[in-house]
Amino acid sequence: MSVETIGIILAAGKGTRMKSSLPKVLHPLLGRPMLRYALQAMHEATGQKPVVVVGHEAERVRAVFAEQAEFAEQSPPLGTGDAVRAAQAAVPAGARWVLVSNGDMPLLRADTFRRLLAAQQRHKGPITMLTAVMDPPRDYGRVLRFPDGRVEAIVEVAHATEEQRRIPELNVGAYCFDAAWLWQALPRLPLSPKGEYYLTDLVGLAVAEGLSVQALTLEDPAEALGVNTRSHLAEVAAVMQRRVNETLMAAGVTLIDPARTYVEPSVQVGRDTVIWPDCYLLGHTVVGEGCEIGPNAYLRDTQVGNHCRIFASVLEYAVVEDHVDIGPFGHLRKGAHLAEGVHMGNFGEVKNSYLGRGVKMGHFSYIGDATIAEEVNIGAGTITCNYDGERKHPTKIGAHAFIGSDTMLVAPLEIGEGARTGAGAVVTKDIPPYSLAVGVPARVIRKLQPPTEAKR
Ligand code: UD1
Ligand code: CA
């Protein structure tokens, strides 16, 4: 199959204005490196892996996007026109249309690239460019037009006259070219007064040859916001967050205050879930239906079932089944798994542990490396002493056990089904089922009567 359309993304620049040791296109935007957005949108529009032009810190950029892109190297970076020239070798020979976008424009949508391509496919001239009308205009190239409205040229703001600077129509930095024309025109680009080859000068060049350049104007100028500085990064992040939040609300999620709700695009939330302010949902977090999250919750790579309530708590790499309530001030760490109906009150911490159905852990407890069967009661202040200074050890607690307040469970340890510990017990030996153990160190003082089946 021959490739008709290919995308080129320019990402070889230094990003000097970011004042960073991290290449600009790798700066995270809602949890993903900025370039990922342009890459995805371009890939969707063309059906092909785009060619990314790398130069500054090329290896770092390549490593992050190795799977998602083809690469071309530009060194030294001699301007955006030179960058596209550097990409030519990586473009399949038969390509008829070339979409080009700057790598620092993460808000451009796949649909915009599609429309740019479709417009160029209908156009007789060699270039369709994307423009935006913005007031006040940013430091973008200005679009010069003839009195009859035809596009004449792009003038970079550094070289623009006072009068030209007042032009509100701007060059966004995304274009569609007729490939054959592009390749023969690029070597003819003039050197700019700054010593660079500007891609934008192709417009004047085409017009000078009597060819037409078409402009497609963005309906939503917010898409044109690019990132040159940290301030721009924050501005773009805010727009991106609004998009994500609008999508959630459209799908039936209530956000009490969207401006104070940070949700990454990779997160899924079910309908009728309510998210209170100051919540942070990150990575591959999935929240089910009818939950109440926050205020003040931080969820990273965590799965939450339906009808859960999570208040002022931190959940990281955890799994929570339906009808669980956590908080305030709970902390689930890696490998925590709370089964249906678990109640975890104030100041609980759970790490690498399974809490069975209906387990209650109301106050001030640490559970690590433990497996707890259903309907166990964990008294206030219970601690699994899972670490002996060298190694971690497991704790097992049988169904319906009742762990008294302030019990220290010195692992490795097994507490039998229906066993009880007295308040303040320091348990160093296994406790058989249906036995009561008390004291320091705890010893069994009595057998307990197992409940009849009916009572359960
Ligand atoms: C560019 C446009 C300007 C437009 C603006 C909008 C030019 C000359 N100017 O200016 O008209 O309004 O974008 O976003 O094109 N890059 C390379 N190699 C280079 C230089 C740059 O790959 O030698 C890459 C950068 O990494 C960046 C992109 O090209 O992703 C744009 O470069 P940047 O320096 O940000 O251009 P602007 O000054 O924003
Ligand atoms: Ca830029």
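D272 lies in the loop between strand 14 (268–269) and strand 15 (274–275). Strands here are DSSP runs of E with at least two residues, helices are runs of H or I with at least four, and both are numbered from the N terminus. The model is predicted: local features need pLDDT of at least 70, side-chain atom pairs need pLDDT 80 or more, and totals for chains, interfaces and linings use all residues. Residues count from 1 along each chain as written, chains are lettered from A and ligands numbered from 1 in written order, and side-chain values use heavy atoms without hydrogens or water.

Most residues other than glycine have a negative phi, and most peptide bonds are trans. A312 is not a glycine either, and its phi is positive at about 45°. A312 sits in the loop between strand 21 (309–310) and strand 22 (314–316).

Are D272 and A312 buried or exposed? D272 is exposed, because its relative accessible area is 57%. A312 is buried, at 13%. The cut-offs are under 20% for buried and over 50% for exposed, with a 1.4 Å probe and protein chains only.

Two prolines follow cis peptide bonds. G294 and P295 are joined by one, with omega about 0°. P295 belongs to the loop between strand 18 (292–293) and strand 19 (297–300). The bond from G327 to P328 is cis too, with omega near 5°. P328 is in the loop between strand 24 (325–326) and strand 25 (331–332).

## Calcium site

Which residues donate to the calcium ion (ligand 2)? The protein donors are D104 (OD) and N228 (OD1), at 2.3 to 2.5 Å from the ion. They are 124 residues apart and link distant parts of the chain. D104 comes from the loop between strand 6 (97–102) and helix 4 (110–122). N228 comes from the loop between strand 11 (213–217) and helix 8 (230–250). Donors are N, O and S atoms within 2.8 Å of a metal, or 3.2 Å for Na, K and Ca; water is absent, so sites may look incomplete. D104 is buried, with 11% relative accessible area. N228 is buried as well, at 16%.

## Ligand 1

The shell around ligand 1 holds 24 residues (a heavy atom within 4 Å). L10, G79, T80, E156 and N171 are the closest. Strand 1 (5–11), helix 3 (80–87) and strand 10 (169–178) each give the shell at least two residues.

| Residue | Backbone N or O to ligand 1 oxygen |
|---|---|
| L10 | 2.8 Å |
| G103 | 3.3 Å |
| L78 | 3.4 Å |

Ligand 1 has 750 Å² of accessible area on its own, and the protein covers 88% of it.

## Two further buried residues

T46 is in helix 1 (residues 35–46). T46 is buried, because its relative accessible area is 14%. The T46 side chain reaches the backbone oxygen of M42 at 3.0 Å.

V3 lies in the segment before strand 1. V3 counts as buried, at 14% relative accessibility. How far is the C-alpha atom of V3 from that of E156? The two atoms are separated by 33 Å, with the residues 153 apart along the chain.

Notes: Polar contact = N/O pair within 3.5 Å; in protein donor to acceptor, adjacent residues only side chain to side chain. Areas by Shrake-Rupley, 256 points an atom, 1.4 Å probe, with all protein chains shown as cover.
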